[in-house]
Amino acid sequence: MIRFNDILEKIRSYHPDVNLDELQRAYVLCAKAHKGKEPFEGEPYLKHSLQVAYILTQLRMDVDTVITGLLHDILEKNLISKDTLKSLFGAEVAELVDGVTQIGRMTFRNTQERQAENFRKMLLATARDIRVVIVKLADRLDSMRTLDQQARQVQLQVAQETYDIYAPLANRLGISWIKSELEDYSFRYMEPEIFYDLANKINRRRVQRDEYIGEAKKKIELKLAEHGMEGLVSGRAKHLYSVYDKMQRQGIDLDQVYDLAAFRVIVPKISDCYAVLGIIHSTWKPIPGRFKDYIAMPKANMYQSLHTTVIGPYGERMEVQIRTEEMHRVAEEGIAAHWKYKEAGGSGSFQGKDDRQFAWLRQLLEWQQELKDSREFMRSVKLDLLSDSVYVFTPGGEVKELPRGATPIDFAFSIHSELGTHCSGAKINGKLVPLRTELNNGNIVEIITSSHQSPSKDWLAFVKTSRARNKIRQWIKTEQRGKSIELGRELLEKELRKHGLGLKKTLVGEAFVAAVSDLGFKETDDLLASLGYGKVSLGQVISRVVPAQERFEPSSVEKETEAGGRERVSSGIKIHGVGDIMFRFAKCCNPVQGDPVVGFITRGRGITVHTADCPRIQDDDPERYVDVEWDERESESRSVSIRVFCYDRKGILAGITNAITDCEANILSASISSRKGDQGVNLFEIEVKDLDHLTQVTNAVKRVKDVFKVERVRG
């Protein structure tokens with residue numbers, strides 16, 4: 001257990017002249033406020049506060065931030081007021097603690113909305129002081145370390161959120177050790193059986209691996225000495241999730257993962273980095289395509305290093321990272337190494353348009369203001385900022401960072417909206433290429449424009465960045481507004497004729513004017529455009545402008561909600577705010593009860609219910625989303641497809657089918673095929689009751705010998 005003296009010693013190790021009186025007072029206040037309070041059996045709140053503060057000292061944070069770590073939940077639990085906190089420790093600490101507190105205070109209808117809004121609040125707190133994010137990461141890390149004391153459902157929810165948001169955020173901040181630890185803990189709770197099985201297999205090879213690391217480390221040190229080079233050499237085993245991720249991406253077994261160990265060489269100067277690279281490549285054969293120069297082209301989080309993979313001792317692959325002491329400090333502390341508060345009189349806010357390390361945070365802040373839909377905001381975050389990147393050049397030599405899979409259109413919109421809007425062609429490294437071509441690291445991209453060119457809806461099928469997607473949607477929406485108004489007018493006129501009413505008279509009537517306001521529109525054209533676009537149903541308009549005694553009764557089952565709106569209930573689904581409209585389940589993602597779901601308004605076909613992460617609706621207009629949820633009172637078995645990757649051996653198919661049927665899941669169809677070598681791919685369409693039932697089936701199949709991957713098929 002961490003003691004308060006451990007925190008004091010750690011701070012003195014990197015800040016020997018600091019006055020620790022305020023930290024002492026913060027500890028006393030924390031101990032008094034949390035006395036007798038235990039979140040888990042035998043685990044006092046004080047222990048959690050000390051752990052969070054100690055993690056912050058490991059990042060070499062300033063005293064105010066460490067105090068915030070001790071007091072981070074004191075406002076959330078109403079143990080003291082913000083004004084009192086301000087009077088005791090000053091405005092800076094009070095604002096930091098309040099910033100951490102505000103992130104998790106709101107409650108929401110569903111996990112996705114809560115996750116998105118908490119992230120928005122984190123960004124707003126970051127705008128005031130970026131240290132808020134560091135404290136929140138430390139808080140989440142200690143929470144993950146004690147997550148085994150929570151209920152299973154809580155473990156799954158917290159682990160998923162950590163994997164989706166906090167681990168990538170730690171990576172973006174450049175704090176690799178926190179990122180790795182968060183990923184491993186998330187993996188442990190999200191896939192416990194796979195986690196422990198892989199851990200056991202790796203542990204059985206520990207002695208052999210440690211011997212290999214020791215031998216390779218000694219060989220590198222001898223080679224450096226031969227060339228008169230100074231360098232600190234270290235070797236380590238890769239963390240568990242990175243091994244699992246590689247197995248999943250490449251469809252291989254643990255026996256086929258050859259680079260389980262990674263080595264690091266720390267040298268005094270940048271020139272030494274390239275000299276050591278030459279020594280490594282002259283000693284062992286480098287693997288083509290596995291060299292990355294992050295010194296010449298740093299990552300967005302300011303990470304710098306040379307990475308290479310070579311065929312090391314005994315013919316095994318060996319990854320080597322080469323960096324200077326300063327680069328290593330940045331890699332360990334992350335972006336914290338550049339904080340403004342480390343300068344005399346500085347604060348934790350980010351300033352100056354040339355601060356590259358904060359550019360992505362500014363972009364996030366802009367998006368949280370522009371994108372009102374929570375789901376769209378989270379997709380933007382995960383796709384554009386928390387995914388792998390490619391680095392390309394403008395013709396003038398400026399480096400642009402884009403998400404992997406980005407195209408010339410994404411590049412064009414990243415420079416300027418007008419350039420993207422009038423993009424008619426592109427050149428990569430001087431050669432004309434199709435606009436859907438994926439960009440690679442080091443490409444020089446030149447955009448060809450035409451005043452007659454305008455965005456095409458087809459572009460939405462392959463652009464990757466949210467900026468490009470949103471600009472294309474805005475253009476299309478503006479261009480189609482006139483058509484939508486005309487279509488809405490025709491649809492309404494046709495429907496009104498059924499009730500013996502005329503369009504012109506209705507549009508100027510008091511009932512229609514009131515309907516425009518009730519449905520949230522300012523003008524008649526706005527309502528007609530939404531009607532033609534499919535966002536508003538005819539039933540919503542007719543119910544407001546046609547007297548009840550003159551209109552047809554809806555055939556669907558409806559009921560009044562407590563809020564006074566209409567709620568459609570059928571086949572285990574509730575559709576909020578929409579009445580008299582048909583719906584169906586999407587075949588592309590086959591949602592089952594328990595899946596997070598979203599309704600999508602489809603022209604002429606009512607509402608289609610998709611899973612919230614269905615790729616088919618990622619590129620569509622978020623304004624056409626409708627809130628839907630599962631009706632817990634009804635349960636209906638639904639079909640879903642799973643793909644099973646395995647090694648081809650006698651009896652494997654019988655083992656898989658037995659595992660499925662033992663879980664009382666019905667197999668509707670099966671397709672068997674073979675891949676490279678001795679691997680097979682089996683596609684099963686099965687019938688399950690809900691998401692828990694599906695999880696039970698997939699876990700059972702994963703336990704079958706020689707099955708190395710099971711995935712749900714979407715789209």
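Which helices do the buried residues of H3 pack against?

## Helix H3 and its surroundings

The buried residues of H3 pack against helix H1 (4-14), helix H2 (21-33), helix H4 (63-71), helix H8 (131-145) and helix H10 (176-190). This model is predicted. H3 spans residues 45-58, a run of 14 residues. From its first C-alpha to its last, H3 reaches 20 Å, close to the 20 Å expected at 1.5 Å a residue.

H3 is mostly covered, with 12 of its 14 residues buried. Among them are Tyr-45, Leu-46, His-48, Tyr-54 and Thr-57. The run from Ser-49 through Leu-50, Gln-51, Val-52 and Ala-53 is buried too. Just after H3, Arg-60 takes a positive phi of about 60°.

## Helix H14: a one-sided burial

H14 covers residues 270-283 and has 14 residues. Its first and last C-alpha atoms lie 21 Å apart, close to the 20 Å expected. Its buried residues are Asp-272, Cys-273, Val-276, Leu-277, Ile-279 and Ile-280. They cover an arc of only 165° around the axis, which puts them on the same side of H14. The general rule behind such patterns is simple: an α-helix has 3.6 residues a turn, so residues three or four places apart point the same way.

What covers this buried set? The cover includes helix H12 (206-226), strand S2 (261-267), strand S5 (306-311) and strand S6 (317-324).

## Val-233 in strand S1

Val-233 lies in strand S1 (residues 232-237). Is Val-233 buried or exposed? It counts as buried, because its relative accessibility is 5% and the cut-off for buried is under 20%.

Leaving aside neighbours within four places in sequence, Val-233 is in contact with Lys-217, Ile-220, Glu-221, Leu-224, Arg-264 and Val-265. Gln-321 is 88 residues from Val-233 in sequence. In space the two are 9.9 Å apart, C-alpha to C-alpha.

## The S10-S9-S11 sheet

Three strands form an open sheet in the order S10-S9-S11, with antiparallel pairing. Strand S10 (431-433) and strand S11 (445-449) stand at the edges. Each has a single partner strand, so one side of each is left without a neighbour in the sheet. Neighbouring strands are turned by 35° against each other on average, direction ignored.

Strand S9 (residues 423-428) pairs with S10 over three bridges, in the antiparallel sense. Helix H18 (residues 408-415) lies across S9 and S11. It runs at about 80° to S11.

## Strand S20 and its partners

Strand S20 (residues 638-647) is largely enclosed by the rest of the structure, because eight of its 10 residues are buried. How many bridges join S20 to strand S22? There are 10, and S20 and S22 (residues 679-688) run antiparallel. Phe-645 has Val-681 in S22 as its bridge partner.

Strand S23 (residues 707-712) also runs antiparallel to S20, joined to it by five bridges. Here the bridge partner of Ile-642 is Arg-712.

## Thr-698 in helix H26

Thr-698 sits in helix H26 (residues 691-702). Its relative accessible area is 13%, so Thr-698 is buried. Beyond neighbours within four places in sequence, Thr-698 is in contact with Ile-642 and Val-710. Ile-642 is the residue whose bridge partner in S23 is Arg-712.

Methods: Residues are numbered from 1 along each chain as its sequence is written. This is a predicted model: local features need pLDDT of at least 70, side-chain atom pairs count only at pLDDT 80 or more; totals for chains, interfaces and linings use all residues. Side-chain values use heavy atoms; hydrogens and water are left out. Helices (H or I, at least four residues) and strands (E, at least two) are DSSP runs, numbered from the N terminus. Buried means under 20% relative accessible area, exposed over 50%, partly exposed in between (1.4 Å probe, protein chains only). Contact means heavy atoms within 4.5 Å. The expected span of a helix is 1.5 Å times one less than its number of residues. The arc is that of the directions from the helix axis to the C-beta atoms. Two strands pair if DSSP finds at least two bridges between them. Axes are lines fitted to C-alpha atoms, for helices over the stretch in contact, and angles run from 0 to 180 degrees between N-to-C directions.
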